[in-house]
Amino acid sequence: MTENNNVLVKVEDLKMHFPIYRGVIRRQVGAVRAVDGISFEIHRGETLGLVGESGCGKSTTGRTMLQLYKPTAGKVFFKDIELTALRNEPMRLMRKNIQMIFQDPYASLNPRMTIRDIVAEPLVAFGTATGKDIDDRVRELMRLVKLDPDFMLRYPHEFSGGQRQRIGIARAMANNPSFIVCDEPISALDVSIQAQVINLFEDLQKELDLTYLFIAHDLSMVRHISDRVAVMYLGIIVELADRNEIYRNPVHPYTKALLSAIPVADPSFYETRERIVLEGDVPSPANPPSGCRFRTRCPIAEGYCAESRPEFREIAPGHFVECFKWDHPDNHKEVAR
Amino acid sequence: MANELLNVNELETQFKTPEGVVHAVNGVSFHLNEGETLGLVGESGCGKSVSMLSCLRLIPQPPGKIVNGTALFKGQDLLAMDDEEIRHVRGAQIAMIFQDPMTSLNPVMTIGKQMAEPLKLHLGFTNQQAETRSVELLEQVGIPRAKDRLKDYPHQYSGGMRQRVMIAMALACAPQILIADEPTTALDVTIQAQIVELVIRLREELGMAIIWITHDLGVVASIAQRVNVMYGGFIIEESPVRDLYTHPTHPYTIGLLGSLPQIHEQSRQRLYSIEGMPPMLYQKPRSCPFSPRCKWVVEHCRVENPPLLPVGDNHRVACWVDTTTGRER
């Protein structure tokens, strides 16, 4: 890979294992390998979509990148700074630049704080505004996310889900961050409200030159908002490519199955399409399959897939796949789509 | 003409809350034919679940109250039956599955015990018969090693398997109608695809009619033959499935479909968004409930709530405005 000045965030072989303790003396008997060695870059001003099913490690990836968990191994760089090497106080100061928006707008706002206090908290914590300036900045932020600043003395329960998510966004924007991890920010919202929030994300990105890691399980929304998309399965990234490339020309068998499972709002689609329906459930990340993680559900797996883990290889410029059989004829059977 | 199984007419349900009376369902009428699948689509709070729960009298009363309407199941009014009669219909002839399979299963009872309950209650099976039938049912919904797994508790099953168990239990008495209330919303897409395939297969094998409640316009396109769209406690558009997607007619339906990103989309287009929020329903809407959010709104919309008006074959819409011309119909 060539050095790229345009890289804002870089992740190198990141691992996050959560220990499992058992017995009276709480001995460690194993680990949940939530994230098990992933590498990627996020370019300045782009949106990288991270998709996968529940439990695949996508949220853990976001949280570990922001050092909300201490990674088991691997490095995370923001600009040229290695976040994984920072001590507490320098890391705290870094958080001005890197922020997070959470899935549940009901759980991520303190019900006993007014909107003003919620949005002002990051300003106070970093001393970016004092006195009367705080209220001015809060008003400005509320206008930015298209909420009426006159509501700033109200409490979260007086707002709808979509409005609460806007409050969460205003809080994240308070200190002008450049990188934001959006952890399923629209999954808890109704369809007509989702579009409002997605449009807001796009407007803010243009206005403020933001870079997003957009985590979601809704593949059509991810395609809409992302420039590039990474697909995770059981703690690893199985495929990463440009958005149109990955949706038009998916290579990994899991990506193919995942895309064919997307419900499409077009009845005529179902008259022509053959669906790939995967058998069974995702294995436990505490005891992942040997070799390729996907082999237990893969329609084209072979004996050798169990022996070692395939390389995360660049099969075309910018298109990465972790599969032994990526160019095997078995993998080229056309999926009607 | 297919046989009509269920005919709901002018159903109205309200809830008393400390903040006032919530008018959840405001005069809903629809029918369901033998063997057909009807989609009931809308966002949270639009009354889609409450209207189906009302038909089965599963609304807690109080605070809920069915204030008006009839629900004729094979000519008999479900809303007028006494408790004993409705119990023979529920589970046996009309079965229901819910969104969250974990909260619908009893966590301290084995799957086998829970499955045996409806079989013993409705069909008078012995323990032995119930066990044999349970194994058959679990195999039918694709659970491997069904005999062993009867002894397991719900937490030992994955989310998708629990939903399969719920479906197996719903099918236990060979119901004529299956009401599925957001059965795949809590599941991942690949598991959702498994469940949808399963229900389509079972529908072909058993010939039951299905009412599929969902907020997902994608899922409903794959399974339903007719679709009713709800908003503010009313059905605002009813249509055969293809017509709904090719010719959405109500401004709300147009907005909902427009707010979905297209999977074939090549370049990034701005999503169509419906501004504002759904109504609170503390009063029964006298005017069109969608008029405050509608960009085609005319004066008539603010004074009178439109009835369902025909716009095509079996396609009716509750709107005063022809959105293709922008003029009143």
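Biologist: At what angle do helix 3 and helix 4 of chain A pack?

Modeller: The axes of helix 3 of chain A and helix 4 (residues 132-144) of chain A are 10 Å apart. Helices (H or I, at least four residues) and strands (E, at least two) are DSSP runs numbered from the N terminus; axes are lines fitted to C-alpha atoms, for helices over the stretch in contact, and angles run from 0 to 180 degrees between N-to-C directions. On that scale, helix 3 and helix 4 of chain A pack at about 110 degrees.

Biologist: Which word describes helix 3 of chain A relative to helix 4 of chain A?

Modeller: Angles under 35 degrees count as roughly parallel, over 145 as roughly antiparallel, 65 to 115 as roughly perpendicular and the rest as oblique. The angle of about 110 degrees makes helix 3 of chain A, relative to helix 4 of chain A, roughly perpendicular.

Biologist: What sort of model is this, and how is it numbered?

Modeller: Residues are numbered from 1 along each chain as its sequence is written, while chains are lettered from A and ligands numbered from 1 in the order in which they are written. Local features need pLDDT of at least 70, side-chain atom pairs count only at pLDDT 80 or more, and totals for chains, interfaces and linings use all residues, as this is a predicted model.

Biologist: How do helix 3 and helix 5 of chain A lie to each other?

Modeller: The axes of helix 3 (residues 115-125) and helix 5 (residues 161-173) of chain A come within 7 Å and cross at roughly 30 degrees. Helix 3 and helix 5 of chain A are therefore roughly parallel.

Biologist: Which residue in the turn of the hairpin of strand 4 and strand 5 of chain A has a positive phi?

Modeller: Strand 4 of chain A pairs with strand 5 (residues 81-82) in the antiparallel sense over two bridges (strands pair if DSSP finds at least two bridges between them). Here A:F78 stands opposite A:I81. The hairpin has two residues between its strands, and a positive phi of about 55 degrees belongs to A:K79.

Biologist: What is the bridge partner of A:E12 in strand 4 of chain A?

Modeller: Strand 1 (residues 7-22) and strand 4 (residues 73-78) of chain A pair in the antiparallel sense over five bridges. Within this pairing, the partner of A:E12 is A:K75.

Biologist: Which element gives the largest share of the side of chain A that touches chain B?

Modeller: The contact takes 33 residues from chain A and 37 residues from chain B. On the side of chain A, two or more residues come from each of helix 6 (191-208), helix 7 (219-225), helix 9 (253-260) and helix 10 (267-272). The largest share, seven residues, comes from helix 6 of chain A.

Biologist: Which strands stand at the edges of the open sheet in chain B?

Modeller: This sheet of eight strands runs in the order 6-7-8-3-9-10-12-11, with mixed pairing. Each edge strand has a single partner, so one side of each is left without a neighbour; in chain B these are strand 6 (94-97) and strand 11 (309-312).

Biologist: Is B:S54 buried or exposed?

Modeller: B:S54 is found in helix 1 (residues 48-55) of chain B, and its contacts beyond four places in sequence are B:L11, B:T13, B:V25, B:I59 and B:I66. A residue is buried if 20 or more other C-beta atoms, placed from the backbone, lie within 10 Å of its own, exposed if 12 or fewer, and partly exposed in between. With 26 other C-beta atoms within 10 Å, B:S54 is buried.

Notes: Contact = placed C-beta atoms within 7 Å.
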